[in-house]
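Please read it alongside the sequence and the structure.

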Amino acid sequence: MEGKRFRLAVLTLAVLLLAAATEGAEPPPSCEAVRKVFQLRRLGPLGGVPESPRAGVDLQVCTSKNPTCCTRKMEERYQTAAKQDIQQVLQTSSAALKFLISHNAAAFQETFEMLIRLAENYTSTLFCNAYRTMAAEATVHVQEFFTDAGLFLFGTDISTEEFVNRFFDTLFPVVYNHVINPGLTDISLEYAECLRVARRDIKPFGNIPKMAIGQMGKSLLPSRTFLQALNLGIEVINTTDHLHFSKACSRALLRMQYCPHCQGLTLSKPCMGYCLNTIQGCLADVAEVDLHWRGYIQSLEELSGALSGAHSIEHVLLNFHSLVRDALEQARINGKELSEQVNKICGPPVRKPKKSAGCSFDQNKDNQGLKMFSRDSEETFANRRKEFISHLRLYRAFYSGLADQLCGNELAAADGLPCWNGEDVVRSYTHHVVGSGIKAQSANPEVQVKGTDPVISQIIDKLKHVIQQLQGKSFPKWDLQQTGSGGGVDEQISGDCDDEDGCGGSGSGEFKRVLKITDRMPDKTNHSDVKQIHQTNDGSTLDTTGAGCTAMANYVTFMLISLVISFLSLW
């Protein structure tokens, strides 16, 4: 009897203990939340997601001792999604910087194109006003010259010396035929070719072609480099926005972003330190761009300041017609001596029937004279560059602080909240947080970094090269001796730039561009119709009096300037 009671007591105790144990254990969680997120993210067919946890023996990254809601196929899809997520975050973080550079690169290029068209119109108008008989021939060479200038500015492999010399070479036969030794008939093509070849020996335009070469080099080459540098900046951002992640990085991103889903923790975020270590490891190569990116922005800033003043692109292009005018005048004054030199080299003129045509005018078209065009301190091209550089300067540390920006703004949990540490949800991350750059990753507990990405190495080499160009280390040294015919040329090249706002010719002062064409049309076209066209510190204006080379010359010039004004006001 006693034995039965004892056995009954033991059995009762066992049942009570089992009941107590059963009462304390929670039922296994469902995978419903995981399925919903998987479907919402469109990561793959929902049929591949378990409805309840299972043993994850086939998992390679999101391993756990507990039952899991993941399969091997889900793990692969999560890894692809993790890389896409980081690329999206990278592109979002750089969007404002990319827009800043691309918008200004397009704006600067459009302004340069307008300046070239305007300068071409000024030069053609000069010929039509002062040298009508040769205007039709000369304007063809003017168009070729400014086409070459535009091609050079936008990256074509051509030298300023080459296209400036070509312009004056082709201009000489026209000037000889109509100014130096005019006749009732034109010179033959063979004789014109002899003159073209002999121009550099005869030097009918004195030292002005050499000065033009110097001025064009001083203005166009830095402006061309500035544009190329901006395009490289866009290339750098595009490269870092579309990184090729290593296998170790891809696995680390998967562990950080989606492994908690396998445990049903779809709302958890990584701890800040854990996120920093993972992203620093994945962006180790990108962090190496930082030093060169800082140098790139500093060099852009320095070149931007040097683009102003007497050698600014707008000053040189819009005053090129002044050099041409002085060159023509010098050839006219020295005509007798030049004719003797030509006879020695090419012999007496060989002529053919005259085909030259002068300017044509539409008498029914009202003269659309230019209104005053002035760029004050708030509208100068230099101030536009300064405004751009001031905004770009804010992004000097963009690449060094990229991991902090991504984790702080997008990826990591806020301080004080439970967070994912790669294995479980905890209160804080306990591992050491490494710095940026490849060397610092040797102590990274989350990502093993090996070698250097060749794509990033290539973009760093490009940055180094453009920095040298921006600093002028690859620019030729131009000889700008102030010799020539007439004070107009001297005024254009004299003086050094004191600051970004202006340059003084012989003392203090500020350049302010004022361009004007009078509203009346001349009754006759002669040298007196062409007034002095200079830009000096004493406020003199640029005045090209008279009609254009074609029926719409002045109207076209007016429209070009209106476009520039409108463009600058909307920029």
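## The link of Cys62 and Cys259

In this predicted model, the link of Cys62 and Cys259 is left-handed, with -85 degrees about the S-S bond. The sulfur atoms of Cys62 and Cys259 are 1.9 Å apart.

Cys62 counts as buried because its relative accessibility is 5%, under the 20% cut-off. Cys259 is likewise buried, with a relative accessible area of 4%.

## Further disulfides

The structure holds 7 disulfides. One of them is formed by Cys70 and Cys262, with sulfur atoms 1.9 Å apart. Cys70 lies in the loop between helix 2 and helix 3 and Cys262 in helix 9, so this pair ties together parts that are 192 residues apart in sequence. The link of Cys70 and Cys262 is left-handed, at -90 degrees about the S-S bond. Cys70 is buried at 0% relative accessibility, and Cys262 is buried with a relative accessible area of 2%.

Another disulfide joins Cys31 to Cys69, with an S to S distance of 2.1 Å. This pair links distant parts of the chain, 38 residues apart: Cys31 is in the loop between helix 1 (2–24) and helix 2, and Cys69 is in the loop between helix 2 and helix 3. The link of Cys31 and Cys69 is left-handed, with -90 degrees about the S-S bond. Both Cys31 and Cys69 are buried.

## Positive phi in loop residues

Arg42, a residue other than glycine, has a positive phi near 55 degrees. Arg42 is found in the loop between helix 2 (32–40) and helix 3 (72–130) and counts as exposed, at 76% relative accessibility.

Lys203, also a residue other than glycine, has a positive phi near 55 degrees. Lys203 is found in the loop between helix 6 (189–202) and helix 7. With 55% relative accessibility, Lys203 counts as exposed.

## Helix 18 and its ends

Helix 18 (residues 454–470) has 17 residues and reaches 24 Å from its first C-alpha to its last, close to the expected 24 Å. At its start, a side-chain oxygen of Asp453 comes to within 3.0 Å of the backbone nitrogen of Val455. Just after helix 18, Gly472 takes a positive phi of about 80 degrees.

The buried residues of helix 18 include Ile456, Ile459, Leu463 and Gln469. The buried residues of this helix pack against helix 7 (208–241), helix 11 (284–287) and helix 12 (290–306).

Conventions. Residues are numbered from 1 along each chain as its sequence is written. This is a predicted model: local features need pLDDT of at least 70, side-chain atom pairs count only at pLDDT 80 or more; totals for chains, interfaces and linings use all residues. Side-chain values use heavy atoms; hydrogens and water are left out. Helices (H or I, at least four residues) and strands (E, at least two) are DSSP runs, numbered from the N terminus. The expected span of a helix is 1.5 Å times one less than its number of residues. Buried means under 20% relative accessible area, exposed over 50%, partly exposed in between (1.4 Å probe, protein chains only). Contact means heavy atoms within 4.5 Å. A polar contact is a pair of N or O atoms within 3.5 Å; within protein, one must be able to donate a hydrogen and the other to accept it, and residues adjacent in sequence count only if both atoms are side-chain atoms. A disulfide is a pair of cysteine sulfur atoms within 2.5 Å.
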